[in-house]
Amino acid sequence: MDIKKYIRNFMDYKYLLFELVKKNIKLKYRRSYLGILWTLVEPLLNMFVLTIVFGTLFGRDDRTFPVFILSGRLLFSFFSSSTKAGLKAISGNAAMIKKVYVPKYIYVVSAIISNFITFLISLIVLVGVGAVLKVKPTIYLLQAVIPIIVLLVMSVGIGLLLATLDVFFRDIEYIWSVATTLIMYASAIFYSTDRVANTGNAWIFDINPVYMCIANFRNAVLYGQPMNMVYFARSSVIALVLLVAGIIMFYKNQDKFILHV
């Protein structure tokens, strides 16, 4: 695999990538009256519902609990939506792939980047809620970008793997939907990890790279603490392994896509 060749190829198609990202964002909200404002409204509504269910009804009196929920929900939603978009990126663009030559990974990358952009916009809600609830920013807030980047790399790797599998095995869409539900419940989005740790099942968090990213993000934006370096190292290694595996698998099978889409 010639890395320099692929870098040059990527630069040659960077404008197409930009246009595909714009197209994906527009298509996502084209029939919505609020349009891209749903990027702000949807997580806010989810936060209210989850705060009522897991806060008020379960007796949580933590003033910053909505920030706890929102920070986890935003990161997981990006992971879930971006990997699902990446999964459908090749099969969903079958007509274009058959007519015009475009590096096929562009479709996967553009799908994930468009979700990443809407995720970044949705962080405005987190800033606003944090300000209302008087969550004090610290110097560790600067570290928040690190788990976000790790999660992005992980999503690209998984997206490439899923996109490849989806071409040959369409049931992967349903399997991944179940898998993301399991990952969500294992990511401590709306509950404290202390309760699970007391049952002797803390290992669930130690093998879940999505939770590791969420935990380090919360340390930066909510708790004002340095990141957990063990979680950072583990999640980074897993993200890089998934990215390399995704690139290799996609590269070896991309010439067969046109026969199956």
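## Basis of the report

A residue is called buried when its relative accessible area is under 20%, exposed when that area is over 50%, and partly exposed in between (1.4 Å probe, protein chains only). The model is predicted, and for this reason local features need pLDDT of at least 70 and side-chain atom pairs count only at pLDDT 80 or more, whereas totals for chains, interfaces and linings use all residues. Residues are numbered from 1 along each chain as its sequence is written, and side-chain values use heavy atoms, with hydrogens and water left out.

## A buried threonine

Thr118 has a relative accessible area of 7% and is therefore buried. This residue is found in helix α6. Helices here are DSSP runs (H or I, at least four residues), as strands are (E, at least two), and they are numbered from the N terminus.

Which residues are in contact with Thr118, leaving aside its neighbours within four places in sequence? They are Ile25, Lys28, Tyr29 and Thr39, where contact means heavy atoms within 4.5 Å.

## The nonpolar cores

A nonpolar core is a set of buried Ala, Val, Leu, Ile, Met, Phe, Trp, Tyr and Cys residues joined through side-chain atoms within 4.5 Å. The largest such core has 50 residues, and Phe76, Phe79, Phe119, Met154 and Phe217 have the most contacts inside it. Two or more residues each are given to this core by α3 (38-56), α4 (65-87), α6 (105-132), α7 (145-168), α8 (172-185), α11 (209-223) and α12 (229-253). The largest share, eleven residues, comes from α4.

## Helix α11

Is α11 mostly covered or mostly uncovered? The helix is mostly covered, as 14 of its 15 residues are buried. The expected span of a helix is 1.5 Å times one less than its number of residues. The 15 residues of α11 should therefore span 21 Å, and the end C-alpha atoms, 20 Å apart, agree with this.

At the start of α11, a side-chain oxygen of Asn208 comes to within 3.0 Å of the backbone nitrogen of Val210. After the helix comes Gly224, whose phi is positive, near 60°.

## Salt bridges

Side chains of opposite charge can pair when their charged atoms come close. A salt bridge is a side-chain nitrogen of Lys or Arg within 4 Å of a carboxyl oxygen of Asp or Glu. How many salt bridges does the structure hold? The structure holds three.

Glu19 pairs with Lys22, with the closest N and O atoms 3.7 Å apart. Because Glu19 and Lys22 are three residues apart in helix α2 (residues 14-29), about one helical turn separates them. Glu19 is partly exposed at 42% relative accessible area, and Lys22 is partly exposed at 33%.

Glu173 and Lys88 form a salt bridge at 3.6 Å, N to O. This pair links distant parts of the chain, with Glu173 in helix α8 and Lys88 in the loop between α4 and α5 (94-99), 85 residues apart. Arg234 forms a salt bridge with Asp206, where the closest N and O atoms are 3.9 Å apart. Here too distant parts of the chain are linked: Arg234 lies in helix α12 and Asp206 in helix α10 (residues 203-206), 28 residues apart.

## Aromatic pairs

Rings of Phe, Tyr and Trp (its six-membered ring) pair if their centres lie within 6.5 Å; planes under 30 degrees apart count as stacked, over 60 as edge-to-face and the rest as tilted. The structure holds 13 aromatic pairs. One of them, Phe65 with Phe68, is stacked, at 5.9 Å centre to centre and 15° between the planes. Phe65 and Phe68 are three residues apart in helix α4, and so about one helical turn separates them. Both Phe65 and Phe68 are buried.

The rings of Phe168 and Phe257 have centres 6.1 Å apart and planes at 55°, so this pair is tilted. Because Phe168 lies in helix α7 and Phe257 in helix α13 (residues 257-260), the pair ties together parts 89 residues apart in sequence. Phe168 is partly exposed, at 36% relative accessible area, whereas Phe257 is buried, at 0%.

Definitions and conventions: Polar contact = N/O pair within 3.5 Å; in protein donor to acceptor, adjacent residues only side chain to side chain.
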